[in-house]
Amino acid sequence: TKPVQKKNDKYIIPEPKILMDVFPQREDIIKIEPYKPLPLEDNSVESVVCDLPFVVSPKKSPSILNPKDGSNIIFNRFHSFYPASDMLMQYKFWIDEIYRVLKPNGICVFKTQSTISGGYNYHTSEYSFMCALNAGFYVLDKFVLIFSFFSTSF
């Protein structure tokens with residue numbers, strides 16, 4: 001469905017005309033390769049939505065090879081990075097690539113999630129924010145959704 005937009009909205013994000021993914025799950029999505037330029041000209045699109053993986057885990061870790069019931073739900077649902085440096089390099093690469101293809105005053109919606117893996121905190125939301133500034137983006141807004149599995153009643 002098309003997003004509902006009011007006549008006087010200051011920022012309007014057009015509905016996507018081109019869909020691309022490293023791991024397409026439908027036939028109408030163009031496959032792209034990690035660390036390869038998007039098949040788009042410089043300054044050629046008005047908006048981009050980017051939703052990169054956030055899981056850091058080796059494909060052959062003991063918990064992946066011998067899962068317990070209900071474990072590794074996120075890993076089994078999404079692609080993961082390993083080592084963590086690959087995640088950081090890909091985040092930077094795709095932010096720079098998005099900056100290249102966006103028209104001046106184009107809009108990028110970048111979804112990310114900080115994560116914990118192997119006892120390490122990966123603050124990818126903060127890292128991607130800094131990469132965006134470094135690439136040349138003017139960061140208009142940052143939305144943070146905080147969710148807890150624990151009750152807030154003490």
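1. Seven salt bridges turn up when the whole structure is searched. Keep in mind that this is a predicted model. Side chains of opposite charge can pair when their charged atoms come close. Some of the pairs are taken up below.

2. Start with Lys 111 and Asp 51. Their side chains form a salt bridge, with 3.3 Å from N to O. This pair ties together distant parts of the chain: Lys 111 belongs to strand 6 (residues 102-111), Asp 51 to strand 3 (residues 45-51), and 60 residues separate them. Lys 111 is partly exposed, because its relative accessible area is 38%. Asp 51 has 51% relative accessibility and so counts as exposed. The cut-off for exposed is over 50%.

3. Next, Asp 96 and Lys 92. Their side chains meet in a salt bridge at 2.6 Å, N to O. What separates Asp 96 and Lys 92 along helix 3? About one helical turn, because the two are four residues apart in that helix. Asp 96 is partly exposed, at a relative accessible area of 28%. Lys 92 also falls in the partly exposed class, with 32% relative accessibility.

4. Arg 26 and Asp 28 make another salt bridge between side chains, at 2.9 Å from N to O. Arg 26 is partly exposed at 49% relative accessibility. Asp 28 is partly exposed too, with 47% relative accessible area.

5. Now Asp 86. Is this residue buried or exposed? Asp 86 counts as buried, because its relative accessibility is 18%. The cut-off for buried is under 20%. Asp 86 sits in helix 3, which covers residues 84-101. The side chain of Asp 86 has a polar contact of 2.6 Å with the side chain of Tyr 35.

6. Helix 4 comes next. The helix has 12 residues. From first C-alpha to last it reaches 16 Å, close to the 16 Å expected at 1.5 Å a residue. The buried residues of helix 4 are Thr 124, Ser 125, Ser 128, Cys 131, Ala 132 and Ala 135. These residues lie on the same side of helix 4, because they cover an arc of only 120 degrees around the axis. Met 130 and Asn 134 are exposed on the other side of helix 4.

7. Which elements cover the buried residues of helix 4? Among them are helix 3, strand 6 and strand 8 (120-122). For the end of the helix, look at Gly 136. This glycine follows helix 4 and has a positive phi, near 120 degrees.

8. Last, Val 139. This valine is in the segment after helix 4 (124-135). Leaving out residues up to four places away in sequence, Val 139 touches Phe 129, Ala 132 and Leu 133. Of these, Ala 132 is listed among the buried residues of helix 4. The C-alpha atoms of Val 139 and Phe 129 are 7.9 Å apart in space, and the two residues are 10 apart in sequence. Val 139 counts as partly exposed, because its relative accessibility is 24%.

Key. Residues numbered from 1 in each chain as written. Predicted model: local features only at pLDDT ≥ 70, side-chain atom pairs only at ≥ 80, totals over all residues. Heavy atoms only, no water. Buried < 20%, exposed > 50% of the residue type's maximum accessible area, 1.4 Å probe, protein only. Contact = heavy atoms within 4.5 Å. Polar contact = N/O pair within 3.5 Å; in protein donor to acceptor, adjacent residues only side chain to side chain. Salt bridge = Lys/Arg side-chain N within 4 Å of Asp/Glu carboxyl O. Expected span 1.5 Å × (residues − 1). Arc of directions from axis to C-beta.
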